[in-house]
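Reader: I have the sequence and the structure open side by side. Could you take me through the packing and the backbone?

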Amino acid sequence: MANAFAAHVTRFPAADPSKAEKFDVGASPSGLNIDSRGNVWVTSRLGDGVLGKLHLAALDVHGKFEGLVSAMDYLTMTMSKQQGGTTAAGSVTLLRPDGTQYPGSPFTGSGLPGPWAVAVDGNDNVWISNFAMPNSPIMQLCGVRTETCPPGMKTGDQISPPGGYVGGGLQMLTDIAVDPAGNVWAMNNWQDIGSCIGKPPEAISTRCGGQGVVVFYGMAKPVRAPQIGPAKPL
């Protein structure tokens, strides 16, 4: 389980949920997914740097003294200004099945301005959605099965172009998924930040919600459905 107001994820053993364990990741983790070898990929919206920790502390202050809406507005505004490949960006943490971090983790890059959700395809490669402005790319990372990656790449390397996959009507993304045909589906959550917070000008007052769902046909290795447990290729 990810914890938006923390810098860790929590694992609850099915046999005894009272024996929960915490594992450190970046600030404000959001999505997570498990690959075929039991490794856990976690998106941290505010990253692993000092700036991310400061934003996390400010997020907590907003939540305690001004309420959840104020806290989420702060998170949204902060993420909208982040830029991939800088200290003001998100990150992706890879945890082994025992909870230790995989070598090279956390992963950052120009295609990770504000990582939100993560999907694993049939090759065990990883697809990350981003919630950021002015455009929100989709990032593809080399997974643990490096034989399925382009030659010379290692786990965590960026397969997608430097700025990620863009265009196609992508807005500020939340969830992402891969289907049995290898299509990549991404959810446009917000369109215009200025129309979502406070009292926006009337001319843009209807431009808050994202414009639907975007699909990239056949970009990923197909997975079996329904997906129960780790991703499995067809």
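Reader: How do helix H1 and helix H2 pack, and at what angle?

Author: Helix H1 (residues 50–66) and helix H2 (residues 68–80) pack at an angle of about 155 degrees, and their axes lie 6 Å apart. Here axes are lines fitted to C-alpha atoms, for helices over the stretch in contact, and angles run from 0 to 180 degrees between N-to-C directions. Helices (H or I, at least four residues) and strands (E, at least two) are DSSP runs, numbered from the N terminus. This is a predicted model, in which local features need pLDDT of at least 70, side-chain atom pairs count only at pLDDT 80 or more, and totals for chains, interfaces and linings use all residues. Residues are numbered from 1 along each chain as its sequence is written, and side-chain values use heavy atoms, with hydrogens and water left out.

Reader: Are H1 and H2 roughly parallel or roughly antiparallel to each other?

Author: H1 and H2 are roughly antiparallel. Angles under 35 degrees count as roughly parallel, over 145 as roughly antiparallel, 65 to 115 as roughly perpendicular and the rest as oblique.

Reader: Which residues of H1 and H2 meet?

Author: From H1, the residues are His55, Ala58, Leu59, His62, Gly63 and Glu66; they meet Leu68, Ser70, Ala71, Tyr74, Leu75 and Thr78 in H2. Contact means heavy atoms within 4.5 Å. By class, this contact of H1 with H2 has six nonpolar, five polar and one charged residues. In that count, Ala, Val, Leu, Ile, Met, Phe, Trp, Tyr, Cys and Pro are nonpolar, Asp, Glu, Lys and Arg are charged, and the others, Gly among them, are polar.

Reader: Now the sheets. In what order do S3, S4 and S5 form their sheet?

Author: The order is S3-S4-S5, an open sheet of three strands with antiparallel pairing. Two strands pair if DSSP finds at least two bridges between them. S3 and S5 stand at the edges with a single partner strand each, so one side of each is left without a neighbour in the sheet. Neighbouring strands are turned by 25 degrees against each other on average, direction ignored.

Reader: How many bridges pair S4 and S5?

Author: Strand S4 (residues 40–47) pairs with S5 over five bridges, in the antiparallel sense. Threonine 43 stands opposite valine 92 in S5.

Reader: Where do the helices touch this sheet?

Author: H1 packs on the sheet and touches S3 and S4, its direction making about 105 degrees with that of S3. H2 lies across S3 and S4 and runs at about 90 degrees to S4.

Reader: And what is the order of the sheet with S6, S7 and S8?

Author: That open sheet of three strands has the order S6-S7-S8, and its pairing is antiparallel. S6 and strand S8 (138–141) stand at the edges, each with a single partner strand, so one side of each is left without a neighbour in the sheet. The twist averages 25 degrees from one strand to the next. Four bridges join S6 to S7, and four bridges join S7 to S8. Valine 126 in S7 stands opposite valine 120, and in S8 the bridge partner of valine 126 is leucine 141.

Reader: How many residues of S6 are buried?

Author: Six of the six residues of S6 are buried, so S6 is largely enclosed by the rest of the structure. Buried means under 20% relative accessible area, exposed over 50%, partly exposed in between (1.4 Å probe, protein chains only).

Reader: Changing topic to the backbone: which peptide bond is cis?

Author: The bond from serine 105 to proline 106 is cis, with omega near 5 degrees. Proline 106 sits in the loop between strand S5 (91–95) and strand S6 (115–120). Most residues other than glycine have a negative phi, and most peptide bonds are trans.

Reader: What is the phi of serine 28, and what is that of aspartate 124?

Author: Serine 28 has a positive phi near 55 degrees, and aspartate 124 has a positive phi near 70 degrees. Serine 28 is found in strand S3 (residues 27–34) and is buried, with a relative accessible area of 0%. Aspartate 124 lies in the loop between S6 and strand S7 (126–130), and is buried, with a relative accessible area of 1%. The hairpin of S6 and S7 has five residues between the strands.

Reader: Last one: is proline 200 buried or partly exposed?

Author: Proline 200 is partly exposed, with a relative accessible area of 25%. Its place is in the loop between strand S10 (184–190) and strand S11 (213–216). Not counting residues up to four places away in sequence, proline 200 touches Gly194, Ser195 and Ser205.
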